[in-house]
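Dear colleague,

Please find below the structure that I am handing over to you. My findings follow it, and I would be grateful if you read them with the structure open.

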Amino acid sequence: MRKSTSALTVLGLGLAMAALGTAVPASAAPAAAPHAGFVAQSGPSAPSTSSASSADANRAFFQAVLKSVAEKRAENPSATAAVTVVYDASRAPTFSAQIARSTQIWNSSVSNVRLQAGSASTADFSYREGNDSRGSYASTDGHGSGYIFLDYRQNQQYDSTRVTAHETGHVLGLPDHYTGPCSELMSGGGPGPSCTNAYPNSTERSRVNRLWVNGLAAAMDKALEKSAR
């Protein structure tokens, strides 16, 4: 597995790794970054710090995706009411089935935003795969672009569709909530490897729909303001 590069803002499951399978050559490790790790990894004394880092990371990642979508919407103000967020999965071929399933789950769960496959040149965010001791996460690259990193080992230890759907939840603006039950998608690895639920609950669905009504409007205002200068 490859490690991600330039991971300046990181959040995600951050689950503890199990020694599974044969290692795949990985790229150089990224520099230390704000990281929302799995509670067992952070230790019992770290939740408050981890929560603050997670909130900052989630906000940065969501804003990067919103900015990309908003600028395209500003160029085409006659677009339909539902917002389309385009992703590129070409750099995560191992997880093509999980990405497709995650997209289907989210598209059937919310109405104000829709995920759609596209190319690297048109994508608002991308999926990547590789090795990373922190596990899977969503990240900004420091240049206003967002990506989801899917870690091989973690996706063997935990239900892979749940991991992918959880990380995709960050694209749509949801933060981690590790203390939640298995029925809560954004509880991530908190409930343990036996949890295989890959669907957002009613609260998570409602929150995403609210975010993509109000959050997008604010982001579009900024994009329009920028284009008018």
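Helices, as the term is used here, are DSSP runs of H or I with at least four residues, numbered from the N terminus. With that in place, α5 is followed by G173, whose phi is positive, near 105 degrees. Please note that the model is predicted.

Overall fold

The protein chain contains six helices and six strands. Starting at the N terminus, these elements follow the order β-α-α-β-α-β-β-β-β-α-α-α. Of the 229 residues in the chain, 49% are buried. When contacts between residues at least 6 apart in sequence are considered, 70% of them join residues at least 24 apart. The accessible surface of the chain is about 10,200 Å², and carbon and sulfur atoms account for 54% of that surface.

Helix α5

How many of the residues of α5 are buried? Twelve of its twelve residues are, so the helix is mostly covered, as the relative accessible area of a buried residue is under 20%. Among them are the histidines H166 and H170, together with E167 and R162.

The disulfide

A disulfide is a covalent bond between the sulfur atoms of two cysteines. A search of the whole structure found one. The bond joins C182 to C195, with an S to S distance of 2.0 Å. Is each cysteine of the pair buried or partly exposed? C182 counts as partly exposed, at 27% relative accessibility, whereas C195 is buried, with a relative accessible area of 3%.

Strand β5 is joined by four bridges to β6 (residues 146-151), and the two strands run antiparallel.

Yours sincerely

Conventions:
Residues are numbered from 1 along each chain as its sequence is written. This is a predicted model: local features need pLDDT of at least 70, side-chain atom pairs count only at pLDDT 80 or more; totals for chains, interfaces and linings use all residues. Side-chain values use heavy atoms; hydrogens and water are left out. Buried means under 20% relative accessible area, exposed over 50%, partly exposed in between (1.4 Å probe, protein chains only). Contact means heavy atoms within 4.5 Å. Accessible areas come from the Shrake-Rupley method with a 1.4 Å probe; for residues, only the protein chains shown count as cover. A disulfide is a pair of cysteine sulfur atoms within 2.5 Å. Two strands pair if DSSP finds at least two bridges between them.
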